[in-house]
Amino acid sequence: MGAVLVLTPVIIASWPAITAAVAGAASAMGLMVSQSVKESVKQSQSTTEQSVEVELSESEVLAESMATDQQIVLTKGTIQLCVKRDERGRCSVCAKGIGHSEAELKQTAEEFTQKLTQCFVYNRVMGELKNKDFQVVNEEVMEDESIRIHVRRWMD
Amino acid sequence: MAQHDVEITISKTGEVKVHIKGAKGKACLVYSKWLSGLVGKVKDQQLTSEHYEPEIKARIDLEQNLGIDE
């Protein structure tokens with residue numbers, strides 16, 4: 001008992017913190033990090049290549065922590081995902097690939113943004129719980145892919 | 001000593017559900033405030049019967065411990 005609350009995550013972080021979450025999400029989804037600089041994207045672009053961009057609406061990448069044009073490129077098969085900071089300072093994920101429909105690319109980008117958000121929240125929460133000396137009683141990944149963390153502390 | 005348990009569930013979309021147990025009185029609100037500052041916006045909050053029980057110890061200690069400015 002006590003209280004039950006539901007929180008909608010807001011991602012306001014430095015680029016290194018976003019990068020850590022991207023790495024976690026990429027690993028969970030079997031994506032390979034191909035390059036972390038923009039030059040890598042300057043590849044040949046076929047006219048049949050589809051491209052879809054999904055924005056993390058509740059996000060802000062702290063500009064001072066990020067060099068211009070910095071981004072992370074991930075690949076899975078023939079789909080390429082590009083994580084970057086857009087003009088408004090929000091984090092966005094662009095999916096593209098030859099031979100994939102727009103719907104397919106959008107679904108992949110949305111799945112990745114969800115996983116990225118989950119990883120970001122996990123990293124943030126666990127880091128802070130450790131800072132505040134909480135004892136982790138249990139931690140598990142549930143069937144519905146949610147992460148359940150049970151922590152405890154003792155107060156005088 | 002009072003045992004405070006916090007169960008945090010991060011859904012696959014990143015939404016967070018928190019269940020605070022053992023924190024009586026306004027102490028559970030201190031946890032709520034701390035966690036919402038950490039994660040994001042409060043979408044829903046329900047106080048359970050424990051919230052209305054008397055606090056064993058002043059919540060000031062807890063606020064200082066979690067680094068919350070009242």
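Q: Let's start with one residue. Where is Glu145(A) found?
A: Glu145(A) sits in the loop that links β9 and β10 of chain A. Please keep in mind as we go that this is a predicted model.

Q: What is the phi of Glu145(A)?
A: The general idea first: most residues other than glycine have a negative phi. Glu145(A) is not a glycine, yet its phi is positive, at about 75°.

Q: Is Glu145(A) buried, partly exposed or exposed, and why?
A: Here you count neighbours: a residue is buried with 20 or more other C-beta atoms within 10 Å, and exposed with 12 or fewer. Glu145(A) has 14 such atoms, so this residue is partly exposed.

Q: Which loop holds Asp133(A), and what is its phi?
A: Asp133(A) lies in the loop between α2 and β9 of chain A. Its phi is positive, about 60°, although Asp133(A) is not a glycine. By the neighbour count, Asp133(A) is exposed because 10 C-beta neighbours lie inside 10 Å.

Q: How do I read the overall layout of chain A, and how many helices and strands are there?
A: Begin by listing the elements. Chain A has two helices and 10 strands. Read from the N terminus, their order is β-β-α-β-β-β-β-β-β-α-β-β. Of its 156 residues, 35% are buried. Among the contacts in chain A with a separation of 6 or more, 68% join residues 24 or more positions apart.

Q: How do α1(A) and α2(A) pack, and at what angle?
A: For a helix pair, look at the angle and at the distance between the axes. Helix α1 (residues 15-28) of chain A packs on helix α2 (residues 102-131) of chain A at about 125°, and the axes are 8 Å apart. The two helices are therefore oblique to each other. Their crossing is right-handed. By type, the contact residues are nine nonpolar, two polar and one charged.

Q: Now for strands. Which strands pair with β8(A), and in what sense?
A: Strands of a sheet pair through backbone hydrogen bonds, either parallel or antiparallel. Strand β4 (residues 49-55) of chain A pairs with β8(A) in the antiparallel sense over seven bridges. In that pair, Glu53(A) is opposite Cys94(A). Strand β7 (residues 79-85) of chain A also pairs with β8(A) in the antiparallel sense, over six bridges. There, Lys84(A) is opposite Ser92(A).

Q: Why is β8(A) largely enclosed by the rest of the structure?
A: Look at burial along the strand. Strand β8 (residues 91-98) of chain A has eight residues, and seven of them are buried, so the strand is largely enclosed by the rest of the structure. The hairpin of β7(A) and β8(A) has five residues between its strands, and Gly89(A) has a positive phi near 90° in this hairpin.

Q: How many residues does each chain give to the contact between chain A and chain B?
A: The size of an interface is often given as the accessible area lost when the parts come together. Here we count residues instead: 33 come from chain A and 46 from chain B. On the side of chain A, β10(A) gives the largest share, with nine residues. The residues on that side divide into 16 nonpolar, seven polar and 10 charged.

Terms used. Residues numbered from 1 in each chain as written. Chains lettered and ligands numbered in written order. Predicted model: local features only at pLDDT ≥ 70, side-chain atom pairs only at ≥ 80, totals over all residues. Axes fitted to C-alpha atoms, helices over the stretch in contact; angles between N-to-C directions. Helix = DSSP H or I, 4+ residues; strand = E, 2+ residues; numbered from the N terminus. Parallel < 35°, antiparallel > 145°, perpendicular 65-115°, else oblique. Left-handed = near helix turned anticlockwise from the far one by under 90°. Nonpolar A, V, L, I, M, F, W, Y, C, P; charged D, E, K, R; others polar. Contact = placed C-beta atoms within 7 Å. Pairing = 2+ DSSP bridges.
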